[in-house]
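Keep the sequence and the 3D view open while reading.

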Amino acid sequence: MNISQLQVLVTIGKCGSFSDAAMQLDMSQSAVSRAIASLENELNVPLLVRGRMGAKLTTIGARVVSHAKQILELRESIEYEVNLEKALYNSRLRIASFRSASTHILPPKIAEFQRHYPRVEVSLDEFDPAGVEQALRSGGADLGLLPLPRSEDFTTWEITRDEYVVLLPKAQHPTAKPITWDELSTRSFILLNYAECTTAVREHWSRWQQPLKVAYNVKEDSTIVSMVAQGLGAAILPRLAAMPIPDTVDSCPLPVPLERVIGVAILANVPPSPAVTRFLEVMKNS
């Protein structure tokens with residue numbers, strides 16, 4: 001028994017005649033007849049009933065065809081996997097990401113990917129979200145990690161959600177009580193300069209009609225955490241951006257929760273390469 005014989009049997013079952021099956025398979029009718037005769041001889045059962053109106057599956061023939069279809073589908077899956085693996089040889093995967101995602105999300109995923117596909121060369125560049133978008137648009141990156149949503153230029157998949165937390169000097173927040181808007185209104189804040197998450201914070205405060213006093217605007221989230229630890233102000237950051245949080249800093253949920261959605265993005269009009277397809281599978285299995 002071989003794949004070719006099973007393909008012939010399945011095709012006859014679908015077409016209802018040897019001649020039509022031969023035409024569909026681009027084989028001679030005699031080759032189709034030999035394949036069925038050989039298969040019936042090996043299995044020692046009649047698989048088809050021949051007549052003037054064509055060929056009809058016997059009861060056992062129909063059951064064999066059911067299993068044969070599964071075998072043929074598995075063969076297609078095997079061919080897909082093999083061809084994809086061949087396409088991955090000596091290929092590359094260029095990832096662009098914003099810092100907190102590249103620090104806390106990507107390393108274990110890249111390690112898992114490279115265990116499975118060691119022949120793929122992986123590179124990682126860090127940008128702010130606008131820089132990640134630009135890298136994708138310019139062809140400098142194949143795949144990017146970004147806060148969602150993005151524009152219709154990109155196809156995106158959600159990977160995880162990251163809650164915003166209030167960071168306070170531990171000495172100034174001795175109780176475990178939930179923090180309130182009234183308490184926050186007395187604080188001066190250290191914010192990221194021109195960052196998407198800062199825009200989200202400002203919009204959240206505005207939505208709840210709360211005052212937001214800003215003492216400092218700085219570029220790096222690690223600088224913000226250090227300044228909070230020194231008692232220079234409070235901060236609101238996504239938890240991943242704040243990590244690692246030192247023992248001298250307390251993190252508290254906001255009075256009304258706020259979170260950012262983190263996702264993976266590719267250009268919508270560019271078919272993904274085999275390496276991108278495989279990495280997306282790894283990321284989606286988070």
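P244 sits in the loop between α11 (239-242) and β10 (249-253). The model is a predicted one, and in it the peptide bond from M243 to P244 is cis, with omega near 0°. P149 belongs to the loop between β5 and β6 (154-169).

Now turn to the start of the chain. UniProt lists residues 1-58 as "domain: HTH lysR-type", in an unreviewed entry. This span is 62% helix and 14% strand, and its end C-alpha atoms are 18 Å apart.

Two packed helices are described by the angle between their axes and the distance between the axes. Take helix α1 (residues 3-15) and helix α2 (residues 18-25): their axes come within 8 Å and cross at roughly 120°. Angles of 65 to 115 degrees count as roughly perpendicular, and α1 and α2 are therefore oblique to each other. The crossing of α1 past α2 is right-handed. On the α1 side, the contact is made by Q7, V8, T11, I12, K14 and C15, and on the α2 side by F18, D20, A21, Q24 and L25. Sorted by type, the residues of this contact are 6 nonpolar, 3 polar and 2 charged.

How do α1 and helix α3 (residues 29-43) cross, and within what distance do their axes come? The axes come within 9 Å and cross at roughly 105°. That angle makes α1 roughly perpendicular to α3. Here α1 contributes Q5, L6, V8, L9 and I12, while α3 contributes V32, A35, I36, S38, L39 and E42. The residues of the contact between α1 and α3 divide into 8 nonpolar, 2 polar and 1 charged.

The loop between α2 and α3 contains D26. The phi angle of D26 is near 60°, which is a positive value in a residue other than glycine.

The structure holds 14 salt bridges. One of them is between the side chains of R94 and D142, at 2.7 Å from N to O. This pair links distant parts of the chain, with R94 and D142 lying 48 residues apart. R94 is in strand β3 (residues 92-97), and D142 is in the loop between α7 (129-138) and β5 (143-148).

Methods: Residues numbered from 1 in each chain as written. Predicted model: local features only at pLDDT ≥ 70, side-chain atom pairs only at ≥ 80, totals over all residues. Heavy atoms only, no water. Axes fitted to C-alpha atoms, helices over the stretch in contact; angles between N-to-C directions. Helix = DSSP H or I, 4+ residues; strand = E, 2+ residues; numbered from the N terminus. Parallel < 35°, antiparallel > 145°, perpendicular 65-115°, else oblique. Left-handed = near helix turned anticlockwise from the far one by under 90°. Contact = heavy atoms within 4.5 Å. Nonpolar A, V, L, I, M, F, W, Y, C, P; charged D, E, K, R; others polar. UniProt positions renumbered as here; feature names shortened; annotations may be inferred. Salt bridge = Lys/Arg side-chain N within 4 Å of Asp/Glu carboxyl O.
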